[in-house]
Amino acid sequence: MVYNVKNVELVWRGLTLTGFGSQKVEIIQSGEGKSTQIIYGIFGECFTVPNPKRGWLITATFHPLSLSYPILEQDNLYNFVDTLIVRDLNIGSTDIFTECTIYATGRKKDSDERIVIWQAAKRNNR
């Protein structure tokens with residue numbers, strides 16, 4: 001899923017992030033296999049459960065002079081675990097990523113942009 005930064009709002013630990021670099025925020029599902037697994041019981045019954053090996057990666061870029069980037073860099077050093085909220089302002093949808101940490105920060109190669117990658121265990125409590 002790719003969001004246009006002009007139409008999206010990111011909220012991390014209660015702070016609305018500003019100073020985006022490129023024109024997109026990217027969300028991908030990581031991990032192995034499918035979103036769900038089928039569990040079979042001893043009497044042949046079956047049900048589906050969420051795949052515990054899946055996760056979410058949320059990537060955004062920021063200008064070097066962004067007010068938000070130094071805060072994100074510091075949060076990465078302190079290994080904060082919190083909630084990241086992604087709001088699509090065009091259609092009014094909201095995705096809430098819980099048990100979320102900053103996976104990596106750094107600079108893009110040959111660029112003045114800084115990249116931040118969050119890793120989340122759950123999206124919308126699933």
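**Close-up A. Pairing of strand 9 and strand 10.** In this predicted model, nine bridges hold strand 9 and strand 10 in an antiparallel arrangement. The loop between strand 9 (93–107) and strand 10 contains S111.

**Close-up B. Hairpin of strand 8 and strand 9.** Strand 8 (residues 82–88) runs antiparallel to strand 9 and is joined to that strand by six bridges. V86 has D95 of strand 9 as its bridge partner. Four residues lie between the two strands of the hairpin, in which G92 adopts a positive phi near 75°.

Close-up C. S111 belongs to the loop that links strand 9 and strand 10. With a relative accessibility of 27%, S111 is classed as partly exposed. The C-alpha atom of S111 is 9.9 Å from that of H63, although 48 residues separate the two along the chain.

**Close-up D. Backbone at R13.** Most residues other than glycine have a negative phi. R13 is located in the loop between strand 2 (8–12) and strand 3 (15–16). Its relative accessible area is 37%, and R13 is therefore partly exposed, this class lying between the limits of 20% and 50%.

**Close-up E. Backbone at N124.** N124 is likewise not a glycine and has a positive phi of about 55°. The residue is found in the segment after strand 10 (114–123). N124 is partly exposed, at a relative accessible area of 28%.

Note on methods:
Residues numbered from 1 in each chain as written. Predicted model: local features only at pLDDT ≥ 70, side-chain atom pairs only at ≥ 80, totals over all residues. Heavy atoms only, no water. Buried < 20%, exposed > 50% of the residue type's maximum accessible area, 1.4 Å probe, protein only. Pairing = 2+ DSSP bridges.
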